[in-house]
Amino acid sequence: MNKYTNKNKYLNILNKFMISLICYIFMINISMGYSQDKTVTIQDKAIPVAQNSEIVNKIDGTPVLLGNTTLFVIQKNVGSFSHQERAQAVTNRLEKIANDPLISMDKLRVVEDSDTTNIVIGDKTLFTITDKDAKAVNKTRQILAEKCIEIIRNAINQYRKERSLYNILKGLFYTFISTVILFVFLKVFNQVYPRIITKLQNWRGIRIPELRIQNIELLPTARVSNIVTRLVKIICIIIVISILYIYISLVLSFFPWTKQISSRLISYFLGAIYKSWLAFADYLPNIFALALIFFITHYSLKFIRYIFTELGNGNISISGFYNDWAEPTYKLVFLIIVALALVLAFPYLPGFGSPAFQGISVFLGVLFSLGSTAVITNVVAGTILIYTRAFQIGDRIKIGDAIGDIVEKTLLVTRIRTIKNVIITIPNGTVLTSQIINYSSLSQDPNYYLILNTTITLGYDVPWRKVHQVLIDAAIATNNILPEPVPFVFQTSLDDFYVSYELNAYTNKPILMASIYSELHQNIQDKCNEAEIEILSPHYSAVRDGNQTTIPENYLPQDYKSPGFRLSYLNNLFNPDNSKNTPDS
C-alpha cells in the first residue's frame, strides 16, 4: 500500500511540475514574441532583425508585414509621409484584405500613372511605387510593381490557407495525436523509472562498490549508491523536460498564431546545441591532452605496480631495500604520480582560468591547510614508521599501555589486537612519540631470543642456591620455554625482610606471552612447594610456635605435625644456661 501511495505522490508532484513548466515556458515565449521582432523574409531572402530601429539602420527602410512574414521593405519617403508611415499603412491594408475572404486576389492589378505606379485591388489603392522606390532597388517601377503583386498575392493566399478551418482542424488533430503520444510516453516512463531506481538500489554493494583509493575508503557503498541514484533522477528530469519542450514547440507550430513562438523555441534549442557543439569543438584539443595525460599516467602506474610487486616477492632485489617496503613505497609513488598528473591536467579543465575556478581552488586550499594538519602529521609519522621498520604485521608489541599484535598499519593509523580480542586504533602521530616495545623482532634469531622475566621475594632463611635451582626447574617445566639457552636467575635486591629473585627464561613464541607467564607462575608455585619453600609476601611475619607451615598439605610428609608452643620461665630470660631446659607443651 505504501508503495502505491508513494508512487501516486510522485506522480502528482511530477504532473504539477509539468503543468507549471508548460505555463512558464508559454508565458515567457509569448512575452518574448511580442517584445522582439522576427526573422523576416524579403522576396527570396531571409533577414534576421532584432528591432525596427535596427532594420532602419541596416537596410535604410521599414518592412511591410503580413502576419509574421516580411513582404518587402519601403525605403523612401513620399511627400510628408515617411517610409515608416507608408510601411505601417500598407501593413494595415494588407491585414484587412487578408482577413476578408470575400476579396478575391484576381482583382489585384497594377495601375500606371504619369509619375507613379499603383498597386490596387478593386477600387482601393494598396501601395504606390515612385521612381525613388524603383531606383532604390535598381529596377523599373513596372518590374518592381509586378514583383510586389506576386509577393502580396502569394502571401495573402498563404495567410488565408493557414487560417482556414481545415488547417485549424488539422492542427487540432495533430495536437491530439501529439498529446496522446506524450501521455503514452509519460505512462511508460512512469512504469520504467521506479524499476530503474529499484535496480540501482539492489546493485548496492554488487555492481556499485565503494569508492576507495588503495586502502583508504573515500565513500561507502551506500553513499555511492545514493549519488548514482540522484544522478539518474536528474537525468530523468532532464529527459522529461526535454520531451515537454519538444511537445510544446511542436504543438505551437500547428497553428499560425503561435508558429512564431514555436520557431523561436526551436531556434533556442538548435542555438544551444550549436553553441554546445562549438564549445566542444574548441575544447577538443584539451580533451586530447587530458586523454594523453590519463593514458601515460595509467600505464606508468601499471609498470610501477609490476616493479614493486616483483620487489615485494623477492624476484627483484635492490641493496638496502627491504621486501616489506615495496607496498608502502608503491603507495607513495602512486600518490606522487597522481598528484603530478592532476597538476598537469588542471590547466586543461573547463573554466580553469576563470575567476570562479581560481576562487574555489584558493578556498579549498585554505580549507585543506586548516583542516589537514593532524592528517599530515599522521601521514608523515606513518611513513617514518614504515621505513624505520619499528614493527611488522603480526608482531607482538607494546605502545604505551597497549599490548597486542599488529593487525594493520597504514599511513594514518596503526591497529593492535590485544589478547582480549580488542582492536585498538592508535594514530601514527601518537605511535611515533610513544615508546615502542617489540617482543617479536628478534624472536626468531637464535642469538637474541625473547627473555621473559618474573620476580618473587623469599626470606633470608631460604638458601639462595636452592632458590635458583627451583626457579630454573620451574622455567624448564613450562611449555614454550626454551631449554637452551638455559634459564638463569638474578638476585636483584637484598631488602630488609626478603631477597628479590628475578627468573629469566628464553622463548621464541612472544605471541603466547600471556599463557607462558601464567604457566610459569603455576610451575614456580609447584616447585617451591615441592622443595618446602614458602613464598611469603613482603613484610610477612609468622609465629612458628604452634602454627602450621604455609606449604600445602600434599607437599608435606605424611608424619608431619604442627610444632607445639615453647614456654620459658621468666627468670630464664636472664639466664641463658637454664633456657635449654624449657619444657614444650
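Here are some questions and answers about this predicted model.

Visitor: How many salt bridges does the count come to?
Guide: Side chains of opposite charge can pair when their charged atoms come close. By the 4 Å rule, the count comes to eight.

Visitor: How many residues apart are Arg 305 and Glu 327?
Guide: Their side chains meet in a salt bridge, 2.9 Å from N to O. The pair links distant parts of the chain: Arg 305 sits in helix α8 and Glu 327 in helix α9. They are 22 residues apart.

Visitor: Are Arg 396 and Asp 405 buried or exposed?
Guide: The two side chains meet in a salt bridge, 2.5 Å from N to O. Buried means under 20% relative accessible area. Both residues are buried.

Visitor: Why does Glu 112 count as partly exposed?
Guide: Glu 112 lies in strand β5, residues 108–112. Glu 112 counts as partly exposed because its relative accessibility is 39%.

Visitor: How far apart are the end C-alpha atoms of residues 287–308?
Guide: The UniProt record, an unreviewed entry, lists 287–308 among its transmembrane regions. Over these residues the chain is 100% helix and 0% strand. The end C-alpha atoms are apart by 31 Å.

How values were computed
Residues numbered from 1 in each chain as written. Predicted model: local features only at pLDDT ≥ 70, side-chain atom pairs only at ≥ 80, totals over all residues. Heavy atoms only, no water. Helix = DSSP H or I, 4+ residues; strand = E, 2+ residues; numbered from the N terminus. Buried < 20%, exposed > 50% of the residue type's maximum accessible area, 1.4 Å probe, protein only. UniProt positions renumbered as here; feature names shortened; annotations may be inferred.
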